[in-house]
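Q: I have a model open and want to learn how to read it. Where do we start?

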Amino acid sequence: MSGMHDDGLHDDGLHDDGLHDEVFDEGGWDDEEFDAGLLEEELRQAAAVLDPVPPELQQIAVDAYALHDLQARVAELTFDSLVDSLPVRGAGDTPRMLTFRAGEVTVDVEVTAHGLMGQVLPPQPARVEVLGGPRPGSSLAADDLGRFTAAAPPPGPFALRLRTGADVVVTEWLRA
Amino acid sequence: MDRTDAGALVQAAADGDAAAWKTLVEGLSPLVWSVVRAHRLSDADAHEVYQTAWFRFAQHLGRIREPGKAGAWLAATARNECLKVIRSSRRLTLTDDPHVLDRVSEDGTPEQSLLDSEEAAAQSERVRRLWQEFEELGERCRQLLRVLMASPPPSYQDVSAALGIAVGSIGPLRQRCLRRLRARLEARGAI
């Protein structure tokens, strides 16, 4: 690494203005493609050594097969304040507002640094499980109006599994 | 991963074949990781986006309209989640720390031990230089090449989904970016 950063190279490619391109444009296309293929393959090998998928992470993906659940209906994300609304200028810790929908069932969720609040609509009591991965999550009860709260926001990707009577609905996996 | 293969594996996994799921993960995991890395998230965010993409894929298994396009589905999902991370800027941490590369070289993975053997020292140095020059390419080229170097090589449909660029522009862009990278390596005398 030494000596690689003392040459003012922090140009982020801005000075890499393609001036060298002409040199190669005159060359045969096949030669260029051959060289490009070799270089790409070298990069592929370098990535396998220097930036591989962390094995423990890949194992989580293998274990995620347990999340495959044909009994449950998937409630799709239909509103996400991060995407669908303009940021409020100067507002530091704005809650993340999410809406999920599966048929006639709607789940509104609000995530802040302090926790998670939600409501099942139409209003009805429900068991709500906060999932954080392939293992069983923590369980909450929604009141008669369908409202529920959790004291802490989910630390990583999460989904809500709701049981209302005979119906099971799981919200799309998401990072809060 | 080949479309026919991916389609058959998705179908088998949806029907309860856990081995098919594992094969899917092994075949498409590097693509998802490449998409996440191409967006320069912090390690913590990168891990969470990677997981989110796979959790959602598992959840939608059996409901995916075109199982043969599983790679593109995962790549697009990972990209969307990356863009959300970048949008909620409070979470954004660029991995532009030059010491990241040093750290990689010190963690003693089996691959690294192999490279440490004396006869491989020159090759190791070459790989390091290549990676250094790649990291310093302009953002567009760095992103494209990071996705293209997934193993097995992604289809252009997967790359298109991963980066939101038209399939037809990938070939010319790839040529251009690899040309630039080669020029940089030559300028450093690394070739």
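A: Start with strands. Two strands pair if DSSP finds at least two bridges between them. Keep in mind that this is a predicted model. In chain A, A:F100 has A:V107 in β3(A) as its bridge partner.

Q: In which sense do strand β2 and strand β3 of chain A pair, and over how many bridges?

A: Strand β2 (residues 96-102) of chain A pairs with strand β3 (residues 105-112) of chain A in the antiparallel sense. Seven bridges hold that pairing. β2(A) and β3(A) form a hairpin, with two residues between them. Look at A:G103 in the turn: its phi is positive, about 60 degrees.

Q: Which residue stands opposite A:T112 in β4(A)?

A: A:G115 stands opposite A:T112. Strand β4 (residues 115-121) of chain A runs antiparallel to β3(A), joined by seven bridges. β3(A) and β4(A) form a hairpin with two residues between them.

Q: Now helices. What describes two packed helices?

A: Use the angle between their axes and the distance between the axes. Here, take helix α3 (residues 55-63) of chain A and helix α2 (residues 18-38) of chain B. They pack at about 140 degrees, with axes 9 Å apart. That angle makes α3(A) oblique to α2(B), because only angles over 145 degrees count as roughly antiparallel. The crossing is right-handed.

Q: Which residues make the contact of α3(A) with α2(B)?

A: α3(A) brings A:Q58, A:A61 and A:V62. α2(B) brings B:K22, B:V25 and B:S29. By class, three residues are nonpolar, two polar and one charged.

Q: Step back to the whole contact between the chains. How many residues does each chain give?

A: The size of an interface is often given as the accessible area lost when the parts come together. Here we count residues instead. Chain B gives 56 and chain A gives 46. On the chain B side, the elements giving two or more residues include α2, α3 (43-60) and α10 (167-187). α3(B) gives the most, with 12 residues. The chain B side divides into 27 nonpolar, 12 polar and 17 charged residues.

Q: How is chain B divided into domains?

A: Domain 1 spans 3-91 and domain 2 spans 99-187. Their contact takes 13 residues from domain 1 and 15 residues from domain 2. On the domain 1 side, α2 and α4 of chain B each supply at least two residues.

Note on methods:
Residues are numbered from 1 along each chain as its sequence is written. Chains are lettered from A and ligands numbered from 1 in the order in which they are written. This is a predicted model: local features need pLDDT of at least 70, side-chain atom pairs count only at pLDDT 80 or more; totals for chains, interfaces and linings use all residues. Axes are lines fitted to C-alpha atoms, for helices over the stretch in contact, and angles run from 0 to 180 degrees between N-to-C directions. Helices (H or I, at least four residues) and strands (E, at least two) are DSSP runs, numbered from the N terminus. Angles under 35 degrees count as roughly parallel, over 145 as roughly antiparallel, 65 to 115 as roughly perpendicular and the rest as oblique. A crossing is left-handed if the near helix is turned anticlockwise from the far one by less than a right angle, and right-handed if clockwise. Two residues are in contact if their C-beta atoms, placed from the backbone, lie within 7 Å. Ala, Val, Leu, Ile, Met, Phe, Trp, Tyr, Cys and Pro count as nonpolar, Asp, Glu, Lys and Arg as charged, and the others, Gly among them, as polar. Domain bounds come from an automatic or database domain assignment.
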